[in-house]
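Trainee: I am new to this structure and would like to go through it step by step. Could we start with the charged pairs and then turn to the fold?

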Amino acid sequence: MARLIAIVGLLAGCGRSRAADEPVGAELIGTAAPGWDLTEWIGSPPLGWPSLRGKVLLVRWFTDTDCPYCGATAPALNQLHRDYASRGLVVVGMYHHKRPDPLDLGKVRAWIRDYGFKFPVAIDRDWRTLKRWWLAAGKRDFTSVSFLVDRGGFIRRIHPGGTLAPGSTDFVAMRSTIEELLAHPGIQQEAKARKMNPIMSLYRLTAPSIDMQPQSLSAWNGKVSLVVNTASECGNTPQYAGLEQLWRQYRDRDFAVLGFPSNDFGSQEPSSEAEIKKFCDLNYRVTFPMFAKVRTKGEGQSPIYQFLTLKHARPRWNFHKYLVGRDGQVIRAFDDKIEPDAPLLRAAIESALQQK
């Protein structure tokens with residue numbers, strides 16, 4: 001089992017306002033990293049998120065060489081890559097375009113050479129990954145943020161942007177945490193995850209809401225949940241009505257329906273989160289909790305679905321259902337053909353609700 005720490009050097013400079021009364025990003029420490037679905041890479045074949053299970057990641061965004069923060073931080077990333085690659089450290093840079101002119105991959109390659117990066121670099125078009133990891137959680141002073149993620153996929157340290165220079169206090173702290181994580185054999189590596197389910201509970205995870213705000217699933221800890229991958233242009237889309245009925249019938253008994261839109265099957269959810277929310281409201285009066293779009297399988301698979309599929313089959317189509325108990329463990333899965341009003345599903349919900 002590889003002992004690998006991926007430093008994902010995703011550097012992007014410049015500012016957004018932030019609250020001064022608390023550490024920036026503190027609310028994200030200990031939450032599951034959102035993963036990514038990135039297909040454009042320089043200096044490496046694509047690194048799919050599932051392939052990084054059991055590895056430690058330091059994720060930093062960067063932009064062109066006109067960015068002073070990026071230029072000042074590049075030596076630190078190169079030093080960490082040199083010092084720890086042989087011990088299982090992987091540095092990955094993610095380019096995030098901020099210039100007014102169109103993105104030119106030739107120029108990006110030149111900037112990478114100027115920075116001296118020898119590690120893989122991904123292209124984060126439209127800031128999609130940066131938004132999921134950082135910007136969706138609130139106002140930020142910088143986009144040149146770094147995340148250190150442990151072998152289990154949980155965020156352990158954040159440098160909230162600006163300069164991360166060799167020898168600085170922040171650099172020393174980052175290096176110390178890397179040393180600590182490298183010193184521990186990956187107790188949450190994939191092989192053990194398949195046997196032990198180290199996350200232990202769905203309710204330890206976090207996912208962006210349909211409004212792109214961070215939402216901890218701990219809000220449903222101690223409750224029974226039905227997790228469903230939804231789509232707006234599917235033959236199963238009318239199941240929204242049945243799901244809403246389930247939610248209204250059982251919500252006062254500590255039950256929730258959690259909807260996760262996905263475009264994985266038949267490209268039947270191409271809409272934005274705002275459009276999905278409007279569609280659900282206008283057509284089905286949906287009031288149960290809805291989340292941002294996810295990948296349920298393959299590269300970029302959401303941590304939510306990584307957990308759900310540890311011991312159960314992955315979805316085969318839209319409106320696949322996972323019944324999750326009060327302890328956050330999956331009780332049973334139901335394929336898309338099982339309607340929300342099916343006696344089999346309702347009986348399973350009733351049984352789960354009776355468990356205290």
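Mentor: A salt bridge is a side-chain nitrogen of Lys or Arg within 4 Å of a carboxyl oxygen of Asp or Glu. Bear in mind that this is a predicted model.

Trainee: How many salt bridges does a search of the whole structure find?
Mentor: Side chains of opposite charge can pair when their charged atoms come close. With the 4 Å limit applied, the search of the whole structure gives a count of 14.

Trainee: Which residues are linked with Arg99 and Asp101 in a network of salt bridges?
Mentor: The side chains of Arg99 and Asp101 meet in a salt bridge, with N to O at 3.2 Å. Arg99 is partly exposed at 27% relative accessibility, and Asp101 is partly exposed at 23%. The network that holds these two also includes Asp64, Asp66 and Lys107.

Trainee: Is Glu244 buried or exposed?
Mentor: Glu244 and Arg248 both lie in helix 6, four residues apart, which is about one turn of the helix. Their side chains meet in a salt bridge at 2.8 Å, N to O. Arg248 has a relative accessible area of 44% and is partly exposed. The limit for buried is under 20%, and Glu244, at 4%, counts as buried.

Trainee: How many residues apart in sequence are the parts that Asp335 and Arg316 tie together?
Mentor: Asp335 forms a salt bridge with Arg316, and the closest N and O atoms are 3.5 Å apart. Asp335 lies in the loop between strand 13 and helix 9, and Arg316 in the loop between helix 8 and strand 12, so the parts tied together are separated in sequence by 19 residues.

Trainee: Which of these two, Asp335 or Arg316, counts as exposed?
Mentor: Exposed means over 50% relative accessible area. Asp335 has 22% and counts as partly exposed. At 61%, the exposed residue is Arg316.

Trainee: Which strands stand at the edges of the open sheet?
Mentor: The sheet has four strands in the order 11-10-12-13, with mixed pairing.

Trainee: At what angle does helix 6 run to strand 11?
Mentor: Within the sheet, neighbouring strands are turned by 20° against each other on average, direction ignored. Helix 6 (residues 239-250) lies across strand 10, strand 11 and strand 12. Its angle to strand 11 is about 150°.

Trainee: What distance separates the C-alpha atoms of Ser44 and Val121?
Mentor: Ser44 sits in the loop between strand 2 (41-42) and strand 3 (55-62). With a relative accessible area of 19%, under the 20% limit, Ser44 is buried. Along the chain, Ser44 and Val121 are 77 residues apart, while their C-alpha atoms are separated by 7.4 Å.

Trainee: What percentage of the residues in the chain is buried?
Mentor: The chain has nine helices and 13 strands. It exposes about 15,100 Å², of which carbon and sulfur atoms supply 50%. Of the 356 residues in the chain, the buried part is 55%.

Terms used:
Residues are numbered from 1 along each chain as its sequence is written. This is a predicted model: local features need pLDDT of at least 70, side-chain atom pairs count only at pLDDT 80 or more; totals for chains, interfaces and linings use all residues. Side-chain values use heavy atoms; hydrogens and water are left out. Two strands pair if DSSP finds at least two bridges between them. Helices (H or I, at least four residues) and strands (E, at least two) are DSSP runs, numbered from the N terminus. Axes are lines fitted to C-alpha atoms, for helices over the stretch in contact, and angles run from 0 to 180 degrees between N-to-C directions. Contact means heavy atoms within 4.5 Å. Buried means under 20% relative accessible area, exposed over 50%, partly exposed in between (1.4 Å probe, protein chains only). Accessible areas come from the Shrake-Rupley method with a 1.4 Å probe; for residues, only the protein chains shown count as cover.
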